[in-house]
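This report describes selected features of one protein chain.

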Amino acid sequence: MAGDFLGADSCSTSGCHGGADNRSRQRALWDKFDPHSKAYATLTFGRSARMMETLGGTDAGRDNRCTVCHAPHPVKLIEGVSCENCHGAAEPWLRSHTRSDYSHADRLAAGMRDLRDPYQRANACVACHQVVPPELLKIGHPELLFELDGQLVAMKKHWRAEYDRPNAQTWLVGQAVALRELNGDANDLNQEQRAALTWLLEQAGESAINPDELARRAATETWTPERTQTLLKLLAGASSAFEDAKVSQIQQARRAERLVLALDRLLAGQKSPALEKLFALAQSRPDFDSAKFAGALRAFNTSVSH
């Protein structure tokens, strides 16, 4: 449902999301802790100016190649990525969504995006967190790697945690959506990422042929601890893949990069010295040592099998 964007201030009165108590201080959390609130500011930095010069432009803060992700609000660019970019344009539902007789379904029918659904949540994020246009990569824009659950955990929560899905489920949905986006971009610079993510999902026992279908199915699963343990067992047991001499060193490094993030989310952030070792070994692509990583992965597998 289309509608007008009204700006974050429309959500931020003291009686709504601009209050001081834990149930109403979402605006304060966004302003102080959420990096999305600073997304526009990065376009004013010297690095952005140099990149824009290389592209032949003049102002990163006004160039659609930059603002499409860093300042997507159609009117108030300075807000960066704010409430409506995630929850949907507020005009159709702003007045009604606070009514005590309004159900969650009523809010969605009025046009609010269903961020309780991990598939919808992933779709709200992935477009700006996975695929970077090749012309931006070539001038120095950082490559992005979308991992929904890890990125949500890293954020200061301004939502009700009781609606969150299990970490492993959110991880799987996010990875499937990330592959869908990579598959939809013909850019050869993303080829290594596509191959590594395809390998990861197949190692997890999933088909990577239709990642959108996988994401939709995973989002509706009744998730169990046993399902998480099955995924953990499959991925922790992948050491032999890193001993395959036919796979290039850079591709092995890409696989390791995705794998360690997956293992972290399947453990739901639990401390693991064996996993910390894997993270250390996966830090540098040029220096990646497949044999060392395979040995450390076997040690990790042993640590989680007891």
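Is Cys11 buried or exposed, judged by its relative accessibility? In this predicted model, Cys11 has 8% relative accessibility and therefore counts as buried, since the cut-off for that class is under 20%.

**Cysteines**

The disulfide count comes to one. The link joins Cys69 and Cys128, whose sulfur atoms are 2.1 Å apart. The angle about the S-S bond is -90 degrees, and the link of Cys69 and Cys128 is left-handed. Cys69 belongs to helix α3 and Cys128 to helix α6 (residues 118-129), so the bond ties together parts that lie 59 residues apart in sequence.

Cys11 takes part in no disulfide; the nearest cysteine sulfur belongs to Cys83 and is 4.4 Å away. Cys83 is likewise in no disulfide, and its nearest cysteine sulfur is that of Cys11.

| Residue | Relative accessibility | Class |
|---|---|---|
| Cys11 | 8% | buried |
| Cys69 | 24% | partly exposed |
| Cys83 | 23% | partly exposed |
| Cys128 | 28% | partly exposed |

**The loop between α3 and α4**

His73 is placed in the loop between α3 (64-70) and α4 (83-87), and Ser82 is found in that loop as well. His73 is buried, at 2% relative accessibility. Ser82 is also buried, with a relative accessible area of 2%.

Leaving aside residues up to four places away in sequence, His73 touches Phe5, Leu6, Gly7, Glu79, Gly80, Ser82, Glu84 and Asn85. Ala8 lies 65 residues from His73 along the chain, and their C-alpha atoms are separated by 9.8 Å.

**Helices α12 and α15**

Two packed helices are described by the angle and the distance between their axes. The axes of α12 (residues 225-236) and α15 (residues 290-304) come within 9 Å and cross at roughly 150 degrees. This angle makes α12 roughly antiparallel to α15, because angles over 145 degrees fall in that class. The crossing of α12 past α15 is left-handed.

From α12, Leu232, Leu235 and Ala236 make the contact, and from α15, Leu297, Phe300, Asn301 and Val304. By class, the contact of α12 with α15 comprises six nonpolar residues, one polar residue and no charged residues.

Conventions:
Residues numbered from 1 in each chain as written. Predicted model: local features only at pLDDT ≥ 70, side-chain atom pairs only at ≥ 80, totals over all residues. Heavy atoms only, no water. Axes fitted to C-alpha atoms, helices over the stretch in contact; angles between N-to-C directions. Helix = DSSP H or I, 4+ residues; strand = E, 2+ residues; numbered from the N terminus. Parallel < 35°, antiparallel > 145°, perpendicular 65-115°, else oblique. Left-handed = near helix turned anticlockwise from the far one by under 90°. Contact = heavy atoms within 4.5 Å. Nonpolar A, V, L, I, M, F, W, Y, C, P; charged D, E, K, R; others polar. Buried < 20%, exposed > 50% of the residue type's maximum accessible area, 1.4 Å probe, protein only. Disulfide = S-S within 2.5 Å.
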